[in-house]
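Have a look at the structure first.

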Amino acid sequence: MELSRRILTYIFLSALIRFILADVPFPTCKLQNSDFETCLSSAIEEAVRMAKNGLPEYNIPPIDPIKLPALSVAAGSGVVEVAQDYEDIIVFGFSNFKINESHVDLEKKSLEFWTIHPEIIQKAKYRVNGKILMLPVYGNGDCSLSIVNSYTRHLIKFEETKKGDSIYFTPTSYRVNMIPEHASYVFKNLFDGNKLLGDNINKAINQEWRALFDEVGAGYQKEYAELFLEFTKNVFEKHPVKDIFLH
């Protein structure tokens, strides 16, 4: 029974690597080796880095940077009561990571792994209007967000499908949950360019970075997850399970 579970675990994790890279050389791992899980984590890391510049044959654009069209966040009711609109979002740093751990739930057909990113940088055009710490704030222009040491959970759920005589793993959902050690913001041109007011509000924002991230971060993570789900669907649909296993 234990051997069967290890074989199925291997199938799920090695599928993640092979679907991404297909015919591109990448590290392989042997099930019977004692360092099996460590090897797989390293192989997944390398696989993603090799896909950094995109895989046109799978309709996958470069994953570093990632481009997002827009994001809107309604004003909250806590410390940060600011309506926020972002567009032309560019995200750097997703390909630079280490896998901390990974787990497979065979009954639920899910793969969960945790990544640690030293720094993720987001740049965008913004428009904000509202209050921070009861202080009025408004402005529009360029902004940046630096997310430091993000411990990120990835959860992919699959369903088994059959096409002809072949079995496929089809991703049905992808969730991303980020837990940053720290985040810092820079909003340029607040108060129509008033430097004194802008510097003071930027200082207040960074003192309350966690509250702002909790509001904005949920929207970003949802956008990331939808994008990653589309990527995984693009590659998983092209290969039956039998073509991705080591024999």
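Phe 191 is buried in this predicted model, because its relative accessibility of 11% falls under the 20% cut-off. Its phi is positive, about 55°, even though Phe 191 isn't a glycine. You'll find Phe 191 in the loop between β6 and α3.

- With 37% relative accessibility, Asn 189 counts as partly exposed.
- Going from Asp 64 to Pro 65, the peptide bond is cis, with omega near 10°.
- Pro 65 sits in the loop between α2 (36-50) and β1 (66-73).
- For context, most residues other than glycine have a negative phi, and most peptide bonds are trans.

**Aromatic pairs**
- Searching the whole structure turns up ten aromatic pairs.
- Phe 94 and Tyr 224 make an edge-to-face pair, since their ring centres are 4.9 Å apart and their planes meet at 80°.
- That pair ties together parts 130 residues apart in sequence, because Phe 94 is in the loop between β2 (80-92) and β3 (98-105) while Tyr 224 belongs to helix α4 (residues 209-236).
- Phe 94 and Tyr 224 are both buried.
- Tyr 185 and Phe 187 are stacked, as their planes are at 10° with ring centres 6.1 Å apart.
- Tyr 185 counts as buried at 5% relative accessibility, and so does Phe 187 at 6%.

**Cluster and charge**
- Tyr 86, Phe 94, Tyr 174, Tyr 220, Tyr 224 and Phe 228 are linked into a cluster by ring pairs.
- Lys 163 lies over the face of Tyr 168, 4.6 Å from the ring centre.

Conventions: Residues numbered from 1 in each chain as written. Predicted model: local features only at pLDDT ≥ 70, side-chain atom pairs only at ≥ 80, totals over all residues. Heavy atoms only, no water. Phe/Tyr/Trp six-rings, centres within 6.5 Å; stacked < 30°, edge-to-face > 60°. Helix = DSSP H or I, 4+ residues; strand = E, 2+ residues; numbered from the N terminus. Buried < 20%, exposed > 50% of the residue type's maximum accessible area, 1.4 Å probe, protein only. Lys NZ or Arg CZ within 6 Å of the ring centre and 35° of its normal.
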